[in-house]
Amino acid sequence: DKPCGVDKNKYHGMTPKRAELLNDIGFIWRKRGPSHTASSVLNKATAAKIHFGLRARDSLLLAGCEEREASKPSKKDTIHRRVRMMKSMVDSASTAEVKRIIALLEREGGPKEVF
């Protein structure tokens, strides 16, 4: 299973292309790489749920999760929790990123830019 479309164990939380480019320039891998991919998918899914009013599952699919991963109750709960955080104006790195994505979505051609 690939969580949200990326095999994290193999690519240290990044896309295969990015891992390949880093390998090509001689990047030395540590035990654990950056995990930006999972949080960026969740941020996009949260922004999609808020902006478009989608169900949690649909927002996860739009953000790039696979069907099986998007149907997990834990993922849906995460999206609902993040939406509640946004509504209560809790400041965190993820809420700042979600606000940035929502601003992009509101622009002309924004959905194509984000997704």
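**Helix H6 and its surroundings**

Tutor: Let's start at the end of the helix: H6 is followed by Met89, whose phi is positive, near 60°. This is a predicted model, in which local features need pLDDT of at least 70 and side-chain atom pairs count only at pLDDT 80 or more, while totals for chains, interfaces and linings use all residues. Residues are numbered from 1 along each chain as its sequence is written, and side-chain values use heavy atoms, with hydrogens and water left out.

Helices here are DSSP runs of H or I with at least four residues, numbered from the N terminus. H6 covers residues 73-87, and its 15 residues should span 21 Å at 1.5 Å a residue, which agrees with end C-alpha atoms 21 Å apart. That expected span is 1.5 Å times one less than the number of residues.

Now for its two sides. Lys75, Thr78, Ile79, Arg82, Val83 and Met86 are buried in H6 (buried means under 20% relative accessible area, exposed over 50% and partly exposed in between, with a 1.4 Å probe and protein chains only). Seen down the axis, these buried residues fall within an arc of 135°, so they line one face of H6; the arc is that of the directions from the helix axis to the C-beta atoms. An α-helix has 3.6 residues a turn, so residues three or four places apart point the same way. Turned away from the buried side of H6 is a face with the exposed residues Pro73, Arg84 and Lys87.

Where does the buried face lead? Ile79 and Val83 belong to the largest nonpolar core, which has 10 residues and also includes Val41, Leu42, Ala45, Cys65 and Ala70. Such a core is a set of buried Ala, Val, Leu, Ile, Met, Phe, Trp, Tyr and Cys residues joined through side-chain atoms within 4.5 Å. Helix H3 (36-52), H4 and H6 each supply at least two residues of this core. Another core, of 8 residues, lies apart from it, with Ala47, Val98, Ile101 and Leu104 among them.

H4 spans residues 56-63, and in H4 the residues Ala56, Ser59, Leu60 and Ala63 are buried. These four cover an arc of only 100° around the axis, which puts them on the same side of H4. Ala56, Leu60 and Ala63 are also members of the 10-residue core. Leu62 of H4 counts as partly exposed, at 37% relative accessibility. Just after H4, Gly64 takes a positive phi of about 120°.
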